[in-house]
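Here is a friendly briefing to read with the structure open beside you. Take each topic in turn and find the residues as you go.

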Amino acid sequence: MLSRRGRSALVAGLGAMRLAEVVWSSRNLRRTGAGRQAAPRSFPLMVAANVALFTLCVVPRRRRPPRAVEAAALTGLAAAVGLRLWVIASLGPEWNVKALVPEEMTVVTRGPYRWVRHPNYLAVIVEFACLPVAVGAYGEAVLLSAANAAVLFPRIRAEEALLDRVPGYREAFAGVPRFLPTKGRARGR
């Protein structure tokens, strides 16, 4: 399916998208002002994990993944990218990569937030699993996913603690799962 150049282009394209997201996030943070950052020490680790993801995945591999595995990984990547773009569109100017929670914010329950509390983190988890697999880096998929989980777990807990202080957040997301939608959980908002 993907040639060696195609795999390099895929990694470079996703890396460029991540850099564009950082620029968009910075713009949003300048516009929305201050807030409290969830687990600020986790941000440099998250950056390091993302740099490792793209760096390790751009290294050419001798063997290609089997077509079915590659197709599944590419499908997962497409879903992750689509989900992240949906998250960015749903949160609008409040979306940022630093998990900065403004003191006064509108609780968003539209878009993917109808089904899960943390769709952006779900997209990142899927990407960390699928990108290495798509380029034939199976061992790296396991290691990078483990490193990503180690960074995300404390960050998500800290972010939820900040969000629980926002009026209406706890009520809006009562019974809504963190990552995987469950039957009957969608809200009509």
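Leaving aside neighbours within four places in sequence, E21 is in contact with R84, I88, W95 and V97, where contact means heavy atoms within 4.5 Å. This is a predicted model, in which local features need pLDDT of at least 70 and side-chain atom pairs count only at pLDDT 80 or more, while totals for chains, interfaces and linings use all residues. Residues are numbered from 1 along each chain as its sequence is written, and side-chain values use heavy atoms, with hydrogens and water left out.

**E21 and its place**
- You will find E21 in helix α1; helices here are DSSP runs (H or I, at least four residues), numbered from the N terminus.
- E21 counts as buried because its relative accessibility is 7%; buried means under 20% relative accessible area, with a 1.4 Å probe and protein chains only.

**Two helices side by side**
- Helix α4 (residues 119–134) packs against helix α5 (residues 138–164) at an angle of about 170°, and their axes are 8 Å apart.
- Axes are lines fitted to C-alpha atoms, for helices over the stretch in contact, and angles run from 0 to 180 degrees between N-to-C directions.
- α4 and α5 are therefore roughly antiparallel to each other, a label for angles over 145 degrees.
- On the α4 side, the residues making the contact include Y121, F128 and P132, and those of α5 include Y138, L144 and R155.
- The residues of this contact divide into twelve nonpolar, two polar and three charged. Ala, Val, Leu, Ile, Met, Phe, Trp, Tyr, Cys and Pro count as nonpolar, Asp, Glu, Lys and Arg as charged, and the others, Gly among them, as polar.

**A closer look at P132**
- P132 lies in helix α4 and counts as buried, at 0% relative accessibility.
- Beyond its neighbours within four places in sequence, P132 is in contact with several residues, among them L53, C57 and A141.
- The C-alpha atoms of P132 and L45 are separated by 19 Å, and these residues are 87 apart along the chain.

**Cysteines**
- How many disulfides does a search of the whole structure find? The search finds zero, a disulfide being a pair of cysteine sulfur atoms within 2.5 Å.
- The closest cysteine sulfur to that of C57 is in C130, 11 Å away, which is too far for a bond.
- C57 is buried, with a relative accessible area of 3%, and C130 also counts as buried, at 15% relative accessibility.

Technical notes:
Parallel < 35°, antiparallel > 145°, perpendicular 65-115°, else oblique. Buried < 20%, exposed > 50% of the residue type's maximum accessible area, 1.4 Å probe, protein only.
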